[in-house]
Each structure stands twice: as C-alpha cells, then as structure tokens.
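Reader: I have a new model open and would like to learn how to read it, one feature at a time. Could you walk me through it?

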Amino acid sequence: MKSTASKFLCVGAIAVALAGTAAVASADTTWQQNHPRREQVNNRLANQNRRINQDVKNGTLTKRQAHALHQDDHLIRQEERDMASQNGSHITKREQAVLNQQENGISGQIPPK
C-alpha cells in the first residue's frame, strides 16, 4: 500500500513539473512569434557568447580577447534594445540587417572550430 501511494505521489510530482515546463515553453513561443527578428538577433548573440566561452576554455582565445568580444556583443545587445524601444518592442528588417552585420564582424574575430 505504501508503495502505491509513493508511486502516485511520484507521478503527481512529475505531472506538475511537466506542466510548469510547458508553461515556460509556451511563453517562449509567444515571444518568438511576436518578436521573430529580435529572437534571431538574440539567438546569434547567445551563440557567439557560447563560442567565445568555449574558445577561452580551449585556449584559442585569451581572457582579455574574450572580454573585448563580450563587450562588443553587449553593445550590440544594447543597440537592439534601444532600437526596439523606439518601435513598440519590435525591430525593422533594416535594423535586423544592421545588427547582423555587426555580429558578422565580431563572429569573424572568433576562431573557427
């Protein structure tokens, strides 16, 4: 009997955890649907951040070089926020293209895999 109750509680806990995960996932999807250009720019920034951190771990970038690249990425992120604040939380295609060009410049400074 005790085993059945434990199983029931375990299944209940898993169901609650999955429901919480589903709520978070749907929130991301809503934001992505409403701000696809910002999502694309921010995903690139996050990817570059991972690449920079990985290259520091691998020894292909110094901490000083990584710091400079992170600062450049931070400036792009701030520019993206500034652009969005002027246009109802959205960025235009042209603004996205400008931000992507800036990201391309930084990406070229990160050593290839």
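Reader: Let me start with serine 107: in which helix is its place?

Author: Helices (H or I, at least four residues) are DSSP runs, numbered from the N terminus. Here, serine 107 has its place in helix α4. A word on the basis: this is a predicted model, where local features need pLDDT of at least 70, side-chain atom pairs count only at pLDDT 80 or more, and totals for chains, interfaces and linings use all residues. Residues are numbered from 1 along each chain as its sequence is written, and side-chain values use heavy atoms, with hydrogens and water left out.

Reader: Which residues is serine 107 in contact with, leaving aside its neighbours within four places in sequence?

Author: Contact means heavy atoms within 4.5 Å. With those neighbours set aside, serine 107 is in contact with Arg44, Gln48 and Arg51. Take glutamine 48: it is 59 residues from serine 107 in sequence, and their C-alpha atoms are 6.8 Å apart in space.

Reader: Thanks! How many helices and strands does the protein have?

Author: It has four helices and zero strands (a strand being a DSSP run of E, at least two residues). Read along the sequence, the pattern is α-α-α-α.

Reader: At what angle do the axes of helix α2 and helix α3 cross?

Author: Axes are lines fitted to C-alpha atoms, for helices over the stretch in contact, and angles run from 0 to 180 degrees between N-to-C directions. In this model, the axes of α2 (residues 36-58) and α3 (residues 63-85) come within 10 Å and cross at roughly 170°. That makes α2 roughly antiparallel to α3, a label for angles over 145 degrees. Among the residues making the contact are Val41, Leu45 and Ile52 of α2 and Leu69, Asp73 and Ile76 of α3.

Reader: Which residues have the most contacts inside the largest nonpolar core?

Author: A nonpolar core is a set of buried Ala, Val, Leu, Ile, Met, Phe, Trp, Tyr and Cys residues joined through side-chain atoms within 4.5 Å; buried means under 20% relative accessible area, with a 1.4 Å probe and protein chains only. The largest one has 13 residues, and those with the most contacts inside it are Val41, Ile52, Leu69, Ile76, Ile91 and Leu99. The elements giving two or more residues to this core are α2, α3 and α4 (93-107), and α3 gives the most, with five. For Ile76, not counting residues up to four places away in sequence, the residues touched are Leu45, Leu99, Gln102, Glu103 and Ile106.

Reader: And how much of the protein is buried?

Author: Buried residues make up 23% of its 113 residues.

Definitions and conventions. Parallel < 35°, antiparallel > 145°, perpendicular 65-115°, else oblique. Buried < 20%, exposed > 50% of the residue type's maximum accessible area, 1.4 Å probe, protein only.
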